[in-house]
Amino acid sequence: MSRNPQPDREYNTLPEYTFSSEYTPELPDVTFFRESAVTVREENIFQGEVPPGEEEEGAEGSGKKKKRRRFFWLRELLVSALRAGAAVFAIFMLINIIGQRAALPESSVTEALSRRSASLHTPFMKTPQDYSFAELAALWRAEPDAPHQYDRDHPVIRREATCQIEGIVEYQCTECGLVIPEVIGFGGHVAADPVYEHEVPAGCVTAGSAEEVICCLLCGEELSRRAVTLADLGGHRAAAAVAENISEPSCTEDGSFENVVYCSVCGEELSRETVLIKATGHTESEPVYENAVGALCLEGGSYDSVIYCADCGEELSREHLVTEALGHIEGDPEVENEIEPSCTEEGSYEEVIYCKVCGEELSRELVTVEMLPHTGGEAVAESEIEPSCTEEGSYEAVVYCEICGEEISRETVILEAKGHTRGASSEEDRREPDCTREGGYDTVTRCADCGEELSRSHTVLPALGHTAAAAVREKEKAATCTAAGSYDEVTYCSRCHTELSRSTVSVPKTSHTAAAAVKEKETAATCTAAGSYDEVVYCSICHTELSRRTVSVPKTSHTAAAAVKEKEKAATCTAAGSYEEVVYCRDCHTEMSRTKKTTEALGHSYGSWTTTKAATCTAAGTQSRTCSRCGSKTTRSVDALGHSYSATVTAPTCTAKGYTTHTCSRCSDSYTDSETAALGHSYGSWTTTKAATCTAAGTQSRTCSRCSHQATRSVDALGHSYSATVTAPTCTARGYTTHTCSRCSDSYKDSYKDALGHDYSSTVTSPTCTAQGYTTHTCSRCSDSYTDSETAALGHNFKLGVWDEDTPLTCSRCSTAAMTFSFNATSLTFTFTLNSDFVSALKKGKYSGDFFVETSGNWLTESTYWDYSSGGTSGTIYCYAEAVTVSCHLSFMYYDDSNEYFARSADKTITVP
């Protein structure tokens, strides 16, 4: 940091400083000044510790003060007045100059003048006694040599410094508001690293060129440009040698190839050498057989053993060999002209032996088969008479021969009378009870076979009594925000639908329900005009308007649409094109921008090569391709293809010789060679073509593995193979033995045994409170059963005449509750139900009474009266308690002419809302 020259007298004005590049005006640091060439007195003046005009302790004339003259204060007062006027004028001029240099708008200059005027009367950060009279006067006058307290922590940057322009920063005194400007020196250009432009790369042996450009790292201005030469790469670099123009050697002719070395960098050919490959010579393949003639049973055969070169196919040797005659080979005996035996006639067949090779018959023998015995079938029932419940039946068991149908045996079988079979009990003449009338039904048991009635009993069903269903709403009128509503709360019997109670309930009208705000009288804003709309809230029920306000919508800014092309000139294969890219406002179509752009020439766009003249095996062809844009065309030649032979071997068959056909895949030129003799038949083993059964013969055949020629022979019938299965007699069915053939499932029955009859045991079921008693008879063998000896249900036994507040009243036999109840939290009602047997017991004693719900000795409801003559078994009582959750029970206080009694139900937890 360097110090600028001083003004006329020392300490008259605050010195200006030029800051180095590392100083940041936004975050000033006092230590920066202390480390610079600022004097101790200057720093003290910055901190406000030494008034101007006084020397520092230890300097020349230390301790001496300026002489004060008489009337000094009057002179100072006059001088101060003059200076104050000049200071105010100077301050206004300074702010105006600073505003112009910083290019401040007029409003910013006015605001700065207002802040300066107000700062003249700001309170001191130090107390007045800390200053001398002259220092106070200088501060009030805002003189430059006063002990100002400049706020170095909050500088105001008026202009940023650039590479070529100085910056300006201001600091304000916290005591008097005086503002001083300071200049920040420009830093000058900072050179960036050099870059190459218009570069021509160097080759292996040729130099390159480029322009070396240096720009300012901060502002990007070009500082220098010079032409430079790029050295060559230092000569060619040989790559690995590659083989080209390869000519493969054959068995009799030499081959060759060219060993070529290229530069690995630029690809230039550096050397080329021709290398010879010696002929390989013939390679013998395995011998092959040609011109084969197969040997027969009585004649010999022959074939040629030939050796070819494995590479070029040239024949190297041929030897003719002869084979001996084979002689006849006996095959397996075959059955022909077969006649099946029966139970009335003998059968026969011829056993023939043929040669396996030529098929000539070698021998034939007639074989006789003995006559078959009769085959008894399953016994059939004839002349059947079915037994009834009281009379015997019978049938004749007859056995016939399965082959010829002759009768073998006949036996008469007697069937005992079945007796009555007790069927399942059923209900007849049933009449259902209703709320006020009794019902009943007959229980009838009949014979399951003949239908005869065996027993009948009558059961009485007591009247059900009315049962209150859940309360329903009728004549309902919904409440709205303009009118009250109402409905009838009605209770019906759940079975006969008799109306039991009806009350009218009033529903107060509802308040208005605000719907979602809607927009009305809407005018959309555009990029040229503002818009507006009315925001209205209506009642969602009656649509009464609840509120309305007008909302203004500011006009929108221009919205750029997609750029479009104008004045477009299309590029061709050889010439560049151009167009103007224009952006308009999407809403008002105002032009927002226009840019001229160019497109590069397209260059030719050739398609794929197409054949104009196809190459053949012996003639060359041509190909061409065309530019898809301008139609420019190029052509090239295609070499002749040459023949492409493929070999197809036709194998010899049993009767025809084999050979090899060589055919060109392109022009179909062909020739044949390598003929072989016919093979003769080669039969496999015998297989079954028709399986022999118990009563019919089968056949077998064998097939030549090459030509599928077939020979056949007969196979004898197998005969039946029976196994016996015993079916034991049951209570109702007789037993027998079944004989079944394991091969053909043929079967017959014999050894019949009579049915066993039922073996019953009895089990007594006692009657209960709700179910009748009876005796069950069950067979120990087949579980068949029936019931009789029915007894009526006992009915519930409730002990009346009891005073017990702690124990629910239940049946002494089955613990069924005498009373139950439920609570409806919506209608605040209790619905109770009495057991019909409990009501019957009350009616026998001529009781009357009251029902109520209680908890801890307090009634929750009004009582409901009951009289034995009404016969009802249910009722409804109303709750009057408020907001309580309790464990409660139903109490019944019943009485006759002379006594009072008490009964209760089980506890139940309820919540009264």
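The model is predicted, and local features need pLDDT of at least 70, side-chain atom pairs count only at pLDDT 80 or more, and totals for chains, interfaces and linings use all residues. Residues are numbered from 1 along each chain as its sequence is written, and side-chain values use heavy atoms, with hydrogens and water left out.

The chain has 6 helices and 56 strands. These are DSSP runs numbered from the N terminus (helices H or I, at least four residues; strands E, at least two). Of its 913 residues, 27% count as buried. Buried means under 20% relative accessible area, exposed over 50%, and partly exposed in between (1.4 Å probe, protein chains only).

Strand β13 spans residues 301-308. Of its 8 residues, 6 are buried, so the strand is largely enclosed by the rest of the structure. Strand β12 (residues 288-293) runs antiparallel to β13, joined by 4 bridges. Two strands pair if DSSP finds at least two bridges between them. Glu290 stands opposite Asp304 in β13. Strand β14 (residues 315-323) also pairs with β13, in the antiparallel sense, over 8 bridges. Here Ser302 stands opposite Val322. The hairpin of β13 and β14 has 6 residues between the strands, and Gly313 takes a positive phi near 80 degrees.

Strand β55 (residues 900-904) is mostly covered, with 4 of its 5 residues buried. It runs antiparallel to strand β54 (residues 884-895), with 5 bridges between them. Phe892 stands opposite Ala903. The β54 and β55 hairpin has 4 residues between its strands.

The structure holds 15 aromatic pairs. Rings of Phe, Tyr and Trp (its six-membered ring) pair if their centres lie within 6.5 Å; planes under 30 degrees apart count as stacked, over 60 as edge-to-face and the rest as tilted. Phe798 and Phe838 form an edge-to-face pair, 5.7 Å centre to centre, with 70 degrees between the planes. Phe798 lies in the loop between β47 and β48, and Phe838 in helix α6, 40 residues apart. Both Phe798 and Phe838 are buried. Tyr847 and Tyr901 are also edge-to-face, at 5.8 Å centre to centre and 90 degrees between the planes. Tyr847 lies in the loop between α6 and β50 and Tyr901 in strand β55, so this pair ties together parts 54 residues apart in sequence. Both tyrosines, Tyr847 and Tyr901, are buried. One aromatic cluster includes Phe798, Phe838, Tyr847, Phe892 and Tyr901.
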